[in-house]
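Hello,

Here is the structure I said I would pass on. My notes on it follow below.

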Amino acid sequence: HIVFSDDGKTIWQSKSKLHKARRSKGRLFFNEDWRMLMLAFINSLADANGCIQIPVSDEKWLQIQPLPVLFESRFGYDDPKESGRLVPLDYTEERFEESIEEDEEDDDSAVQD
């Protein structure tokens, strides 16, 4: 799931803006983008020693490394190389509203032409 926040804590209130932003941003992500975001999130869970510790009882902890397990496959996928699919990660609600307004203006001018 993708959520959007201006401060990193409070999710946008408008369900329609969230829906439009998810559809706009998510469709532009490909495997490499998702992998990097997931690795960054997993690494953010690690402690100062570089381990993720999860309590499993009052006295026991599960300790794991935040490193992916690598597999090889006979099959593959090549990500598209065009730069037009890139959207900045510092998307804010205000910037999203501006981009929607620009899209609507472009749509209106195309209809008038």
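How many residues lie between β1 and β2 in the hairpin that they form? There are five residues between these two strands.

Before the rest, a word on the source. This is a predicted model, in which local features need pLDDT of at least 70 and side-chain atom pairs count only at pLDDT 80 or more, while totals for chains, interfaces and linings use all residues. Residues are numbered from 1 along each chain as its sequence is written, and side-chain values use heavy atoms, with hydrogens and water left out.

Overall

The protein has three helices and two strands, where helices (H or I, at least four residues) and strands (E, at least two) are DSSP runs, numbered from the N terminus. Along the sequence their order is α-α-β-β-α. The protein has 113 residues, of which 18% are buried (buried is under 20% relative accessible area, exposed over 50%, partly exposed in between, with a 1.4 Å probe and protein chains only). Among contacts (heavy atoms within 4.5 Å) with a separation of 6 or more, 44% join residues 24 or more positions apart.

The hairpin

Strand β1 covers residues 52–55 and strand β2 residues 61–64; they pair in the antiparallel sense over four bridges (pairing requires that DSSP finds at least two bridges between two strands). Gln 53 has Gln 63 in β2 as its bridge partner, and Ile 54 is opposite Leu 62 in β2.

Ile 54 and Leu 62 also belong, with Val 56 and Ile 64, to a nonpolar surface patch of about 320 Å². Patches are made of residues with over 30% relative accessible area and no salt bridge; like charges are joined within 9 Å, and nonpolar side chains (Val, Leu, Ile, Met, Phe, Trp, Tyr) within 5 Å. A salt bridge is a side-chain nitrogen of Lys or Arg within 4 Å of a carboxyl oxygen of Asp or Glu. Val 56 sits in the loop between β1 and β2 and counts as exposed because its relative accessible area is 55%.

Leu 18

Leu 18 is part of helix α1, residues 15–26. Leu 18 counts as buried because its relative accessibility is 9%. Beyond its neighbours within four places in sequence, Leu 18 contacts Phe 4, Ile 11 and Trp 12. Phe 4 is 14 residues from Leu 18 in sequence, and their C-alpha atoms are 6.8 Å apart.

Regards

Conventions: Accessible areas come from the Shrake-Rupley method with a 1.4 Å probe; for residues, only the protein chains shown count as cover.
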